[in-house]
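Hi,

Here's the structure I promised to pass on. Have a look first, and my notes on what turned up follow below.

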Amino acid sequence: MKTILSFVGSCALVLAAGAGAIAHPDFDTLIAHRGESKDAPENTLPAYQMAVDRGFGFECDVYLSSDKRVFSFHDANLKRTTGVDMPCCKASWAETVSKIDAGKWKGDKWIGTRPALLEEILALARDGRQIYIEVKGGSTEVVPYIKDILAKQTTATPKNVLFIAFSKDVCKALKKEMPSYRTYWLTDSHLREKNAQGKRVITGPMPVENVIATLKDLGVDGVDQQFDPKVITPEYVAKIRAAGFEYHSWTIDVLDKALKAFGCGAQTVTTNCAKKLRDEYEAGRAK
């Protein structure tokens, strides 16, 4: 109950800042990160199908294989969830990716689960829920292949599919090649630079002016930003919204923090446990 009251207080701040209507944890505002990855192997069809069956939209990560197939995987290397030590971009779909087991690590129930092709993922699209396609790797080479896949199907549309990417070059290419589809720039809440040892370290908070300037330069529709409540405030988000851009947050698995993000004006929150967060929120409202 305390969490809900805190959320109400945050909402009042957002309204005062002029950010518009306040979202809350629900089917259309929680985005299942890599599918319902708390309960199913990440970035596989079972995880995406679980999100859909539970009523949520979902996020997926995609790479271009060496034989030019667009498939879903998170890490740059296949090793963590499959045991196969090979970079995604150098792996052949036909010879390697389609045959690897990306489910066993999550439990015997998922043995034999392989990564998913983008066309298989898009078959799950439906209006009222969103599929966030994160384009990985930093290379724009994959963009024409994604465009071709979208052109050959009818289920996924600009109403239910959008793109996210950290790479500014990829963001620009996606928006140029598929202008009717929304594209959000992915970014941290902090500025980071490499130190003398080559490790990226935080050098300060991400100024809201930097975010707005980047969005204008890229010509994209909004930002999907890592949420740090010490940096992101209702006023911060209101400035981005006032500049004409959407605002979204990632990746939050604790209800109190998710409510803070919504209270600051986030339109969606990406989470590894969408059903858990919504259930907890609804239980709190019922008290």
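Before the ring pairs, a quick definition: the rings of Phe, Tyr and Trp (for Trp, its six-membered ring) count as a pair if their centres lie within 6.5 Å. Keep in mind, too, that this is a predicted model.

By that rule, there are 7 aromatic pairs in the structure. One of them is F71 with W93: the ring centres are 6.3 Å apart and the planes sit at 40°, so this pair is tilted. It ties together distant parts of the chain, 22 residues apart. F71 belongs to strand β3 (residues 70-72), while W93 is in the loop between α3 (79-82) and α4 (118-122).

Next, the largest pocket. How much space lies in it? About 290 Å³. Its lining is made up of 14 residues, and T187, D188, H190, R200 and M206 are the ones nearest the centre. At least two lining residues come from each of β6 (182-187), β7 (190-194) and α7 (208-218). Sorted by class, the lining has 6 nonpolar, 4 polar and 4 charged residues.

On the α9 side, the contact involves L255, A258 and L259, which meet L277, E280 and Y281 of α10. By class, that contact has 5 nonpolar residues, 1 charged and no polar ones.

Happy browsing!

How values were computed
Residues numbered from 1 in each chain as written. Predicted model: local features only at pLDDT ≥ 70, side-chain atom pairs only at ≥ 80, totals over all residues. Heavy atoms only, no water. Contact = heavy atoms within 4.5 Å. Helix = DSSP H or I, 4+ residues; strand = E, 2+ residues; numbered from the N terminus. Nonpolar A, V, L, I, M, F, W, Y, C, P; charged D, E, K, R; others polar. 1 Å grid on protein atoms, 1.4 Å probe; cavity = no way out; pocket = protein on both sides within 12 Å on 5 of 7 lines; lining within 4 Å. Points joined across faces, edges and corners; volume = space filled by probe spheres on them. Phe/Tyr/Trp six-rings, centres within 6.5 Å; stacked < 30°, edge-to-face > 60°.
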